[in-house]
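Work through the following exercises with the sequence and the structure side by side, and try each task before reading its solution.

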Amino acid sequence: MFARALDSEFAREVRAGLTRTPQKTLPCRYFYDNVGSALFEAITHLSEYGLTRADERILEAHASHLVRMLPDNVVVADLGSGSGAKTRRILEALRRRQVVVYYPIDASPSALAKCAQQLGRLGVVVPTESGYLDGLLRVAAKRAPRQTLLLLFLGSTIGNFEPAEAIEFLSAIRQLMASGDALLLGTDLVKPAADLIAAYDDAAGVTAAFNRNLLARINRELDADFDLRQFEHLVRYDEAAQRIEMHLCSSGYQVVSIHRADLIVDLVPGETICTETCHKFSLEQVRDMAHLAGFRVTAQWVDHEWPFAESLLMAL
Ligand code: AVI
């Protein structure tokens, strides 16, 4: 049991990130345990975080047009579906012309259960508890020969990858798709720094709790003794790199034991652990990224209230 935990992917990634120099890091994909997923859901309702509402407005306004641009007999897969709230519009538009088959892919069982409960009335929902590429591989293996896949990657999760990794990831997705399949890609666009800082450092402290929960998760799952009160939530915007950075900043000298990662971590006052980067894009950068990964962009819809884009990419 103990040996297995030491070897777990989570333990290995935590060990690699916290021994990295000069900047300690933790992978943001581990934010989303059940507590983290609930906190993220709360973030999407914050007045400062316009991103999710922008995403929803675009889908509400353009879902019918989007569906008309697709061939008959579409199956929908959704990378990081969460509770599937944003996807509802697309499934409703699709249901007007065909039976809906929907594969939400998410690491959080509670989010998937909520998704199946909320969208089950719209068609056949087949939840897949998995990482993105594994989940897509499983869905690709189940699809029938003449079905077209509409893959959703909404919410600007692509912005949480480093730029080169984003292209690698989209290329890997492309390899699992067939020519003529579609990818709907959500991307948050560049906007004034003050709006971005507020979005990731909200007044109610929900994002701070979301950030600190990563340490709480390490405490719970890897038998560690992080004192969450000794870490300040810190947000920076790097204008040149077009990215928000979230950090946890140590308020003093600390020695933390992470037993199941076989690791002792020293932190000095003011030292940070970088927990997430959130890249922001221009429309042209999205098109360039798509082309490099083997897609053609056939439409881009923009929300002007909170600059955000949905791009429809066709696999070449
Ligand atoms: C999931 N992802 C697109 C969110 C973002 O905005 O980058 C995660 C998030 N982190 C803090 N607030 C929201």
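This is a predicted model: local features need pLDDT of at least 70, side-chain atom pairs count only at pLDDT 80 or more; totals for chains, interfaces and linings use all residues.

**Exercise 1.** Describe the surroundings of the ligand, beginning with the residues and ending with the elements that supply them.

*Solution.* Begin by listing the neighbours: 15 residues surround the ligand, and the closest are Tyr 49, Gly 155, Asn 160, Tyr 200 and Glu 276. Next, look for polar contacts, which are pairs of N or O atoms within 3.5 Å. A polar side-chain atom of Tyr 49 lies 2.5 Å from an oxygen atom of the ligand, and a polar side-chain atom of Tyr 200 is likewise 2.5 Å from a ligand oxygen atom. Then consider cover: of the 340 Å² of accessible area that the ligand has on its own, the protein covers 96%. Finally, helix H3 (34-43), helix H10 (206-222) and strand E12 (272-279) are the elements that give two or more residues to the shell, which by class holds nine nonpolar, five polar and one charged residues.

**Exercise 2.** Characterise the second largest pocket by its volume and by its lining.

*Solution.* Start with the volume, which is about 190 Å³ for the second largest pocket. Then turn to the lining of this pocket, where the residues include Phe 161, Pro 163, His 279, Lys 280 and Asp 288. Helix H8 (163-176) and helix H11 (283-292) each supply at least two of the lining residues.

Technical notes:
Residues are numbered from 1 along each chain as its sequence is written. Side-chain values use heavy atoms; hydrogens and water are left out. A residue is near a molecule or strand if one of its heavy atoms lies within 4 Å of it. A polar contact is a pair of N or O atoms within 3.5 Å; within protein, one must be able to donate a hydrogen and the other to accept it, and residues adjacent in sequence count only if both atoms are side-chain atoms. Accessible areas come from the Shrake-Rupley method with a 1.4 Å probe; for residues, only the protein chains shown count as cover. Helices (H or I, at least four residues) and strands (E, at least two) are DSSP runs, numbered from the N terminus. Ala, Val, Leu, Ile, Met, Phe, Trp, Tyr, Cys and Pro count as nonpolar, Asp, Glu, Lys and Arg as charged, and the others, Gly among them, as polar. On a 1 Å grid over the protein atoms alone, a cavity is a set of points where a 1.4 Å probe fits but cannot get out, and a pocket is an open set with protein on both sides within 12 Å along at least five of seven lines; lining residues have an atom within 4 Å of a point. Grid points are joined across faces, edges and corners, and a volume is the space filled by probe spheres set on the points.
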